[in-house]
Amino acid sequence: SSPIDFFAEDRVAYFNDGNMITPQLPYNAKLGWDLGLTGQNVEKSKDNNGHFRFTRLQILLNTSYAKKQLEGEKSSDQIYKEIEAKVFAIVNRLLDVYRYVTRQEYVERLGSIVITNIYLYENNWGLYPVSMPIENATINRSKQEIDTMKNFLNNGEPLPLYELLSLNAQSSLNKKMYTLAVVSSFQGLEIFLENLIIEKLSIKGLSPENIEQKLNQKWKTKDRLKDLLKESIDHSILEERALWDKWCTVYDQVRNEVIHKGKDISEDKTKNTLKLNEDIINCIKNWV
């Protein structure tokens with residue numbers, strides 16, 4: 001692309017001389033999943049990976065490390081972790097701000113970051129970190145998984161929504177999107193619990209109107225875990241007192257702080273929240 005750097009006061013600026021070169025056909029599958037495209041002054045629609053054009057970000061940190069802190073392998077590892085954490089936070093903050101201001105919904109936070117060079121010019125000290133997030137390639141999924149996929153596709157059976165929300169929560173956690181992770185996790189638990197209560201009370205002969213009335217009366221997740229669950233499956237989370245106490249602490253503190261007050265949450269608290277919600281679901285599954 002052209003190196004020109006230009007912006008208008010009140011509108012987005014575009015190149016008007018873009019030239020796209022089409023891929024070679026028939027497509028050679030050995031080249032990978034993405035078509036080999038080239039062009040000039042063009043960009044891929046909704047591109048969040050910089051396929052053709054990309055933004056360069058230069059970060060200058062005031063680290064103020066003393067010479068003694070730069071000696072030894074452990075010190076190098078610690079300094080790298082500190083700088084990585086700062087750069088990671090800066091980049092994701094920039095992406096959040098860019099996404100919000102431009103309304104470009106496809107721009108996402110980074111789940112990881114690769115730093116290839118660190119240089120502290122005042123100390124004439126540097127690192128060439130090497131990150132190799134590579135593992136053995138998958139040949140295929142197991143036959144059990146493949147057969148399960150076939151059944152879902154052949155029968156048109158709906159996927160459990162709470163399971164999808166749980167996956168969303170884990171994905172958001174990996175991307176450091178802690179608020180979304182907590183929201184998805186609690187939503188998954190609440191949907192799982194409500195669907196189970198409706199199913200079990202229906203089996204016991206209660207009418208849809210009666211069930212709806214009970215759900216409206218006991219609309220808090222706590223009350224449903226204590227009372228409606230007991231009425232539905234003859235078990236209550238109170239039977240697992242240690243789990244119940246831990247979960248209540250998270251429910252009262254983390255959930256209310258994040259969902260109702262919009263406050264930030266740490267990675268450790270997010271991980272703990274996701275785990276406790278999964279533990280509650282697994283505990284109930286063992287009873288039914």
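Let's start with threonine 179, which lies in helix H4 (residues 178–203); helices are DSSP runs of H or I with at least four residues, strands are E runs of at least two, and both are numbered from the N terminus. The model is a predicted one, in which local features need pLDDT of at least 70 and side-chain atom pairs count only at pLDDT 80 or more, while totals for chains, interfaces and linings use all residues. Residues are numbered from 1 along each chain as its sequence is written, and side-chain values use heavy atoms, with hydrogens and water left out.

Leaving aside neighbours within four places in sequence, threonine 179 is in contact with Val258, Lys263 and Ile265 (contact: heavy atoms within 4.5 Å). Threonine 179 and glutamate 257 are 78 residues apart in sequence, and their C-alpha atoms are 10.0 Å apart in space.

Here are two residues that count as partly exposed (buried is under 20% relative accessible area, exposed over 50%, partly exposed in between; 1.4 Å probe, protein chains only):

| Residue | Location | Relative accessibility |
|---|---|---|
| Threonine 179 | helix H4 (residues 178–203) | 34% |
| Leucine 35 | loop between strand S1 (19–21) and strand S2 (38–40) | 35% |

Now to the helix pair. Helix H6 (residues 221–233) packs against helix H7 (residues 241–260) at an angle of about 155°, with the axes 11 Å apart. That makes H6 roughly antiparallel to H7 (angles over 145 degrees). Thr221, Lys222, Leu225 and Lys226 in H6 meet Trp244, Trp247, Cys248, Tyr251 and Asp252 in H7.

Notes:
Axes fitted to C-alpha atoms, helices over the stretch in contact; angles between N-to-C directions. Parallel < 35°, antiparallel > 145°, perpendicular 65-115°, else oblique.
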